[in-house]
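Trainee: I am new to this structure. Please take me through one part of it closely, and then show me what else is worth a look.

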Amino acid sequence: METLDVVEAERVSALLAAEAKAVALFDEVIARGIIAPGKYESEVSDEVRDLADEMFGTRRFWHKRIVRSGINTLEPYDAKPPDRIIGADDICFLDFGPIFAEWEADFGRTYVLGDDPAKLKLRDALEPFWEAGRAYFEAHPDITGEQLFAWVTEQAKAQGWEVTAKIAGHLVGEFPHKQISGTAVTSYVATGSTPPMRRLDPKGRICHWILEIHLVDSVNQIGGFFEQLLDIRPPV
């Protein structure tokens, strides 16, 4: 019988493997020029689905694939903005959650077409902001989802951005994680999520988390997005 340590090591390995495939998928999206002017966001989304099937044999996503460009990048996850044609000098973000061997990945990145300074500034701010969020999480062993969300919103304001989304992350794990975690606010990095993030789930397994950063530049009416595993680092 496997020990709990062995089971957890296998869970961590599976989550890292799923994320590595999501990274490879996004890299191939860029390499093939799938995000291109003149395409509808829905076209890009369908091509991402088909590419995931080609590369990894999966057409399953545990949440809706999101491709947003221009003014639509202001909208949070649960919004349903009209399908938009990507422009020649545009900003676009992808948020997709493919399932690899029954393990969830959740990955988001922002891509800029052209050389608009405001769009490039926002894109380039996202990963450092995300890394600072991880550092804050790691420095506070008893941090709650509510506290991390407060840090995200406060830091965004300090840097001249806005956070309009109601969450900044969530649990992730074996598909479908929601069957064991539920949809309560405690499954999210959000106001009202007061249990420590470092805890066990109802089945006695370690909770693993995604941190998602959605920054808004209200002056230029654009948003950017960056998302990946928070509490698990790939081996060096």
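Mentor: E54 and R32 form a salt bridge, with their closest N and O atoms 2.6 Å apart. The term means a side-chain nitrogen of Lys or Arg within 4 Å of a carboxyl oxygen of Asp or Glu. E54 lies in helix α2 (residues 41–56), while R32 lies in the loop between α1 (4–31) and α2, so the pair ties together parts that are 22 residues apart in sequence. Helices here are DSSP runs (H or I, at least four residues), strands are E runs of at least two, and both are numbered from the N terminus.

This is a predicted model, in which local features need pLDDT of at least 70, side-chain atom pairs count only at pLDDT 80 or more, and totals for chains, interfaces and linings use all residues. Residues are numbered from 1 along each chain as its sequence is written, and side-chain values use heavy atoms, leaving out hydrogens and water.

Back to the pair. E54 is exposed, at 54% relative accessible area. R32 is partly exposed, at 42%. The cut-offs are these: buried is under 20% relative accessible area, exposed is over 50%, and partly exposed is in between (1.4 Å probe, protein chains only).

R32 has another partner. Its salt bridge with E28 has closest N and O atoms 2.8 Å apart. E28 is partly exposed, with a relative accessible area of 25%. Together, E28, R32 and E54 are linked in a network of salt bridges. Why can such pairs form? Side chains of opposite charge can pair when their charged atoms come close.

The structure holds 11 salt bridges. One of them joins D116 and K119, at 3.8 Å from N to O. D116 is partly exposed at 21%, whereas K119 is buried at 13%.

Now take an arginine without such a partner. R68 is in strand β1 (residues 66–69). R68 is buried yet has no salt bridge, and the nearest side chain of opposite charge, E41, is 6.1 Å away. For charge, Lys and Arg count as positive and Asp and Glu as negative; His and the chain ends are not counted. What does the side chain of R68 have close by? One of its polar atoms lies 2.7 Å from the backbone oxygen of P76. Leaving out residues up to four places away in sequence, R68 touches several others, including E41, P76, Y77 and F93. Touching means heavy atoms within 4.5 Å.

Two other arginines sit over rings. The charged end of R109 is over the ring of F226, 3.7 Å from its centre. The charged end of R198 is over the ring of F137, 3.9 Å from its centre. The rule asks for NZ of Lys or CZ of Arg within 6 Å of the ring centre and within 35 degrees of the ring normal.

Rings also pair with each other. Ring pairs link F26, F96 and F107 into a cluster. Rings of Phe, Tyr and Trp (its six-membered ring) pair if their centres lie within 6.5 Å; planes under 30 degrees apart count as stacked, over 60 as edge-to-face and the rest as tilted. By this rule there are 6 aromatic pairs.

Finish with a loop. Q221 is in the loop between β7 (208–217) and β8 (222–229). Q221 has a positive phi of about 55°, although it is not a glycine. Its relative accessibility is 37%, so Q221 counts as partly exposed.

Note on methods: A polar contact is a pair of N or O atoms within 3.5 Å; within protein, one must be able to donate a hydrogen and the other to accept it, and residues adjacent in sequence count only if both atoms are side-chain atoms.
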